[in-house]
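Hi there,

Here is the structure I promised to pass on. Please have a look at it first, and then read my notes below.

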Amino acid sequence: AALTPAARAYHELISQGFGRLALAQDYITAHKQNEELTISGFPTFMLKWLNPRLPEFHATAPDLAIRVLATHQEADPLMLEQTFRLTYGEAAQRYLHSRVLFTDHCFPACAPGFLERYPQATDPAVLAGLPLIGIDWGGGYTTEPHWRDWFLAQGLEDLPAIRPITVHSLSSLALDAAMAGEGAVLAQGAFVAEDLRAGRLVRLSEACLTMPDPYSICWGSTTLDRPVARDFLNWLMRITKPLRTVQPS
């Protein structure tokens with residue numbers, strides 16, 4: 001079997017004598033430090049959920065380079081070009097291996113100024129007639145919740161046609177529009193926790209709509225051959241365990 005470039009360089013260094021063994025060890029250490037972990041996922045999931053948590057994992061592997069790809073496009077099922085894919089619903093079935101992270105929930109939210117203008121917005125029957133911001137992930141995903149789903153769950157059967165003032169393909173853009181006061185948004189709990197804490201958004205109802213499908217992490221046949229990949233998977237499953245067991249509120 002042919003030597004890998006790293007092994008060949010290591011062999012050439014030690015062949016020059018044990019006096020250069022320390023230099024060879026430094027080379028191997030540097031090679032390991034250049035190792036990269038590639039993670040792709042939905043843009044808003046990466047921006048609002050994963051990115052704020054990544055420093056915790058990076059602290060355990062400070063020399064690891066982490067490449068984050070934010071895209072709706074699913075990866076090659078064999079996962080030859082990247083390490084992990086974070087996805088939603090039945091898309092996880094296309095990959096060789098996957099594990100459920102958590103199932104999210106939705107509720108209406110808006111900017112504080114919007115609620116000041118429409119103080120009756122906490123009443124679902126009134127909210128249905130106010131400016132609403134829609135989210136549509138596109139034809140590849142058919143089970144993401146929409147406003148009509150939430151209103152029906154509140155017992156509002158005779159709804160007029162729900163026509164959002166704007167419809168965004170990215171949840172993050174819809175949240176930005178809501179924070180700008182353009183309307184109310186059906187917000188995912190995993191994405192708006194910090195915005196609620198900071199007061200950029202306020203919750204209009206305690207009633208939640210559980211999303212039909214979970215978020216999952218997916219990987220290929222050789223991914224877990226790498227210790228850093230196993231460490232990342234174990235870390236992610238550990239921090240999402242409470243989300244798999246706690247009921248939404």
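This is a predicted model: local features need pLDDT of at least 70, side-chain atom pairs count only at pLDDT 80 or more; totals for chains, interfaces and linings use all residues.

Residues are numbered from 1 along each chain as its sequence is written, and side-chain values use heavy atoms, with hydrogens and water left out.

**The whole protein**

The protein has ten helices and eleven strands; these are DSSP runs numbered from the N terminus, with helices being H or I of at least four residues and strands E of at least two. Of the 249 residues, 41% are buried, where buried means under 20% relative accessible area with a 1.4 Å probe, counting protein chains only. Among contacts with a separation of 6 or more, 75% join residues 24 or more positions apart; contact here means heavy atoms within 4.5 Å.

**Helix α3 and its two partners**

Helix α3 spans residues 43-50 and is mostly covered, with seven of its eight residues buried. The buried ones are P43, T44, F45, M46, K48, W49 and L50.

How do α3 and α8 pack? Helix α8 (residues 171-179) meets α3 at an angle of about 60°, with the axes 7 Å apart. The axes are lines fitted to C-alpha atoms over the stretch in contact, and angles run from 0 to 180 degrees between N-to-C directions. The two helices are therefore oblique to each other, a word for angles that are not under 35 degrees (roughly parallel), over 145 (roughly antiparallel) or 65 to 115 (roughly perpendicular). On the α3 side the contact uses T44, L47 and K48, and on the α8 side S171, S172, L175 and M179. These residues divide into three nonpolar, three polar and one charged (Ala, Val, Leu, Ile, Met, Phe, Trp, Tyr, Cys and Pro count as nonpolar, Asp, Glu, Lys and Arg as charged, and the others, Gly among them, as polar).

With helix α9 (residues 189-198), α3 packs at about 45°, the axes being 8 Å apart. That makes α3 oblique to α9 as well. T44, F45, K48 and W49 of α3 make this contact with A190, F191 and D195 of α9. By class, there are four nonpolar, one polar and two charged residues.

**Around α8 and α9**

In α8, S171, S172, A174, L175, A177 and A178 are buried. Their cover includes α3, α9 and the strands β5 (105-110), β6 (132-135), β7 (166-168) and β8 (184-188). Just after α8, G181 has a positive phi of about 90°.

In α9, the buried residues are G189, A190, F191, V192 and D195. They pack against α3, α8, β4 (97-102), β5, β8 and β11 (215-219). G199 follows α9 and has a positive phi near 80°.

V228 lies in helix α10 (residues 227-245) and is buried, with a relative accessible area of 15%. Leaving aside residues up to four places away in sequence, V228 touches E35, L37, F57 and L64.

Best wishes

Key: Buried means under 20% relative accessible area, exposed over 50%, partly exposed in between (1.4 Å probe, protein chains only).
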